[in-house]
Amino acid sequence: MSKIIGIDLGTSACKLLLVDEKGCVRNTVSKEYPLCFPHPGWSEQDPGDWWTACREGVPELLAGFDAREVRGMGVGGQMHGLVALDETDAVLRPAILWNDGRTAEETAWLNDTVGRPVLSARTGNIAFAGFTAPKLLWMKKHEPELFARIRKIKDYLVYCLTGVHATDYSDASGMLLLDVEHKCWSRDMLALCGISESQMPRLYESFAPVGMLLPETAAALGLPQGVTVCAGAGDNAAAAVGTGTVSTGAAHADSRCNISLGTSGTIFISSEKFGVDATNGLHAFAHADGGWHLMGCMLSAASCNKWWQDAIIGTNDYKGEEAKIAPEMLGRNHVYFLPYLMGERSPHKHPLARATFTGMTMDSTRTDMTQAVLEGVAFAIRDSFEVAKGLGINITETRMCGGGAKSELWCRIMANVLGIKVDLLKSEEGPSMGAAMLAMVAAGEYGSVKEAADNIVKICKKIDPQ
């Protein structure tokens with residue numbers, strides 16, 4: 001029986017997943033590593049810690065299993081970070097992560113001086129502080145000696161596994177250096193950042209094999225030689241694959257949708273064709289299945305409910321609070337909540353937006369406010385949903401993932417607010433499962449990402465909108 005390893009390179013931990021060719025989870029291991037905040041608003045990490053977590057985690061993952069059955073490995077994980085290597089492939093400085101906010105000046109220069117229309121025409125997107133291009137401009141200005149020594153950037157873990165400098169289209173889409181529509185590096189953007197194409201990794205589809213494990217790496221991990229490593233994917237694209245949110249292959253089919261209710265919230269919409277909305281309210285990225293996707297990201301989703309329950313009303317009985325919201329109360333609430341506790345990203349792009357309750361009267365209750373929090377997050381997701389509909393994209397149902405998806409009430413509210421069916425999954429493992437499924441395709445277990453999704457992802461319940 002074949003085994004596949006999926007790796008989710010998260011911000012605080014590396015999650016490793018061992019599955020068989022049918023997608024049944026056989027084992028999981030999580031290895032934490034530190035975050036560094038050298039200045040307010042900065043966020044860095046040592047890429048060596050990622051490799052250490054992988055090197056220590058894989059043998060632990062394989063304990064009690066026959067390592068000779070492992071045929072493939074895939075990596076999904078955090079996007080947008082800057083990893084810079086020198087001519088010996090040594091890390092030049094700690095990785096600047098996706099949630100690092102030091103590039104406000106560079107981001108403003110890109111959007112306002114270079115111009116949003118120019119950026120959108122070159123890449124399909126505008127600049128955000130977390131993207132890689134502003135980080136390169138910051139490093140060029142503030143660390144010119146290190147910047148001059150850069151020989152390669154991006155995707156450290158795949159390099160450690162294979163010795164190949166590679167990245168996939170979905171992850172590269174979040175750099176503001178890729179011409180997403182044509183799936184090639186934008187020479188204009190590279191020149192703008194002072195980087196040559198020779199310093200960039202080779203581009204692959206997410207499910208394409210990059211190479212085999214290096215002999216010394218295979219020995220260190222306790223794996224046989226000949227294990228195929230695929231290019232992998234950015235975390236949201238990998239999670240979408242893991243929920244079966246992939247292309248149907250039909251030219252005029254309805255688009256697939258996945259909504260994640262985690263600390264932040266995302267709506268991920270697969271598309272057969274590339275498209276950009278007029279305001280760049282949504283990210284236009286390549287998908288891990290070979291197509292494209294639009295993605296809206298709100299900065300506070302399940303974290304709104306956690307804030308309300310833990311910090312304000314002082315309870316951890318989430319289910320008990322939700323049980324007070326009777327079915328007949330849905331659609332009748334007179335209290336409203338704007339979920340902007342951390343500002344907002346999609347589609348409003350307003351970092352200073354703030355949360356508020358409104359509509360309260362003398363007869364408003366704690367339960368009304370709990371319901372308003374759940375509904376407010378759903379309507380914020382709908383903002384991005386409506387932008388996608390404005391592009392002519394037809395969405396009839398969505399899959400759910402993330403911690404908030406464990407609340408059937410919240411999923412029912414989401415169905416009602418969006419007016420579409422909501423599918424609840426039998427098992428949801430996030431980016432690590434998607435990475436494993438991509439590795440299955442690379443190793444020849446399945447002929448396409450869609451075939452893998454059709455065979456592995458199972459729906460346990462459907463919720464119709466009322």
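Predicted model: local features only at pLDDT ≥ 70, side-chain atom pairs only at ≥ 80, totals over all residues.
## Getting to know D20

Is D20 buried or exposed? Its relative accessibility is 5%, and buried means under 20%, so D20 counts as buried.

The side chain of D20 has a polar atom 2.9 Å from the backbone nitrogen of K22. Which residues does D20 touch, once those up to four places away in sequence are set aside? They are M1, S2, K3, R26 and M440.

Next, let us look at the cores. The largest nonpolar core has 65 residues, and the members that touch the most others are L136, L177 and W185. Helix α14, covering residues 431-442, gives the most to this core: eight residues.

Leaving out residues up to four places away in sequence, L136 is in contact with L82, F147, I150, I153, L177, C193 and I195. Another core, of 45 residues, lies apart from the largest one, and its members include L330, F385, L409 and L418.

## Along helix α12

Helix α12 runs over residues 366-390, which makes 25 residues. From its first C-alpha to its last, α12 reaches 36 Å, close to the 36 Å expected at 1.5 Å a residue. Just after α12 comes G392, with a positive phi of about 85 degrees.

Definitions and conventions
Residues numbered from 1 in each chain as written. Heavy atoms only, no water. Buried < 20%, exposed > 50% of the residue type's maximum accessible area, 1.4 Å probe, protein only. Polar contact = N/O pair within 3.5 Å; in protein donor to acceptor, adjacent residues only side chain to side chain. Contact = heavy atoms within 4.5 Å. Core = buried A, V, L, I, M, F, W, Y, C linked by side-chain atoms within 4.5 Å. Helix = DSSP H or I, 4+ residues; strand = E, 2+ residues; numbered from the N terminus. Expected span 1.5 Å × (residues − 1).
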